[in-house]
Amino acid sequence: MRTLEGLWLDRTSRVTLQEQLARQIKELIQSGVLAPGDALPSTRDVATGLNISRNTAVNAFDRLLSEGYVESVARSGLFVSSSITLSPHSTWQVRPKAGRGRTLAPAPSRPTPLGAPLPFRPSQPDVALFPLLIWNRMRARALRLEGRSLLRYQAPCVAGLPALRQNVAAYLRDSRGVRCDWRQVVITSGSQQALFLLGMLLLGPRDLVYVEDPGYLEARLAWRRAGAKVIPGPLDEQGLRLPARPVGKVSLVYTTPSRQFPTGVSLSLARRLALIDYAGRTGAWVIEDDYDSELRYGAPPLPSLQSLDRSGRVIYVGTFSKLLFPSLRLGYVVVPEPLLETFVELKHLIDDHLPLVDQATLALFLESGAFYSHIRRCRKAYAERQALFLGLFADSKLPIAFPHADGGMNLTGILPDDRNDEALSRRLGEAGFDVPALSRYAVRASPPGLVFGFTAFTPPEIRSAFARMRPELDAALG
Ligand SMILES: Cc1ncc(COP(=O)(O)O)c(C=O)c1O
């Protein structure tokens with residue numbers, strides 16, 4: 001029997017307790033904390049544990065039953081549905097009910113073809129802009145320089161190839177103002193691995209993590225997976241607000257200060273200083289996820305939060321997924337000295353080191369300046385695409401507002417208050433679009449909105465996709 005640890009209900013929220021409970025149990029299932037076939041506690045125990053009425057718990061479970069997340073077995077109780085599978089695109093799906101028991105989903109008869117993102121899937125770079133010829137040249141050069149050593153196990157490379165760590169440190173110091181020695185830079189399999197490892201390292205059961213709400217879902221799932229309790233922090237025009245009243249001892253604050261994901265708001269200087277002060281006073285760690293800060297159009301990127309920190313509490317995380325290509329799976333974390341040794345030990349247990357050929361290629365790509373030319377090219381192309389996208393919406397007079405549009409890969413459009421963003425996102429999905437609802441990223445109520453990505457699509461693709469999407473939006477919002 002699984003207890004539902006880590007659930008947190010906000011009694012001041014506009015979202016009902018029943019809705020909050022159902023959403024959070026769904027997240028536990030989606031993150032794998034609860035597996036298909038796991039027994040759930042009784043509604044009586046849930047009600048007592050969370051100090052809510054029995055009816056509230058029953059209604060939340062009824063909802064999970066009707067959506068297929070949970071199934072009831074006569075005289076045994078409630079279980080996580082055995083018919084839940086993870087689709088190839090990482091969206092959790094509930095398959096139609098089959099027999100009971102912990103059976104695996106049948107394997108698809110044919111492998112799913114590798115595809116391109118549907119419009120307007122968020123956070124996707126345009127891989128057509130990537131200079132593959134130059135990359136291949138660098139790869140050949142790396143192999144010529146290092147020979148077959150790149151093909152061996154290399155125990156000293158657990159934290160990454162030294163040449164790459166040195167180049168990343170130089171880039172972070174020059175472009176992002178990050179204060180670090182190259183030995184603090186650890187190369188990870190995308191920033192997601194860095195977030196997961198930091199969760200394992202810094203969090204234990206019931207520790208409190210303060211996160212942006214709405215915010216990056218996969219980070220939240222990683223904190224929950226470590227057993228921590230997630231406390232949603234509200235956003236306003238200056239970004240994340242610190243807790244207004246005591247919430248207990250916070251172990252970790254997770255933030256995307258340069259461009260909040262997914263709303264796009266930047267953390268103001270006053271809030272940055274307040275956050276650093278809070279971390280220094282309370283001993284909390286702060287994770288700065290700087291996933292796409294280079295992509296600021298019309299103004300230079302904002303300096304990193306870590307560059308302002310004198311207390312050594314900010315852990316800087318970054319990725320090459322957005323600036324180069326996501327399947328490269330290379331990211332990095334600047335680990336504060338006191339955590340470095342244990343972080344590297346943990347990294348050693350998960351995958352020893354990452355592919356050395358790719359790391360050596362990337363080191364040359366950075367060193368040669370090709371990296372910087374590529375960023376400039378992307379910035380220019382993406383700025384044009386963003387302007388086109390915003391122009392099409394402005395001309396359409398649709399009631400969608402884009403309050404934060406100074407850069408990035410996504411534009412979050414805020415809908416009129418009375419609209420249901422999940423229903424609209426579903427409707428767009430049926431019409432061949434991939435536009436998530438803002439509420440999908442939220443723990444508490446958020447204004448209804450849609451998160452559009454524009455970077456992966458050329459101007460003609462944006463125009464034609466917008467023309468196809470327009471009737472759906474007109475019908476739902478007009
Ligand atoms: C805010 C944020 N952080 C981290 C990531 C993870 O990127 P990756 O694991 O590919 O480096 C993403 C991906 O979309 C993201 O949006």
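**Entry 1: terms and source**

I take a pocket to be an open set of points on a 1 Å grid over the protein atoms alone, where a 1.4 Å probe fits and protein lies on both sides within 12 Å along at least five of seven lines; its lining residues have an atom within 4 Å of a point. Volume here is the space filled by probe spheres set on the points, which are joined across faces, edges and corners. The model is predicted: local features need pLDDT of at least 70 and side-chain atom pairs count only at pLDDT 80 or more, while totals for chains, interfaces and linings use all residues. Residues are numbered from 1 along each chain as its sequence is written, and side-chain values use heavy atoms, with hydrogens and water left out.

**Entry 2: the second largest pocket**

I looked up the second largest pocket and noted about 780 Å³ of space in it. It is lined by 32 residues, and D213, G233, P234, L235 and R241 are the closest to its centre. I then listed the elements that give two or more residues to this lining: β7 (229-233), β8 (235-236) and β14 (410-414). Helices (H or I, at least four residues) and strands (E, at least two) are DSSP runs, numbered from the N terminus. Strand β7 supplies the largest share of the lining, three residues.

I asked why this pocket lies between domain 2 and domain 3. Domain 2 (128-371) and domain 3 (376-477) both give residues to its lining, so the pocket lies between them. The domain bounds come from an automatic or database domain assignment.

**Entry 3: the ligand**

I checked the polar contacts (pairs of N or O atoms within 3.5 Å). A polar side-chain atom of D289 lies 2.6 Å from a nitrogen atom of the ligand. For T319, a side-chain N or O atom is 2.5 Å from a ligand oxygen atom. For K322, the corresponding distance to an oxygen atom of the ligand is 2.7 Å. Taken alone, the ligand exposes 400 Å², of which the protein buries 92%; these areas come from the Shrake-Rupley method with a 1.4 Å probe.

**Entry 4: backbone details**

Of the shell residues, F261 is joined to P262 by a cis peptide bond with omega about 5°. I placed P262 in the loop between β10 (250-255) and α8 (269-282). R329 has a positive phi, near 55°, and is a residue other than glycine; its place is the loop between β12 (314-319) and β13 (331-334).

Notes: Polar contact = N/O pair within 3.5 Å; in protein donor to acceptor, adjacent residues only side chain to side chain.
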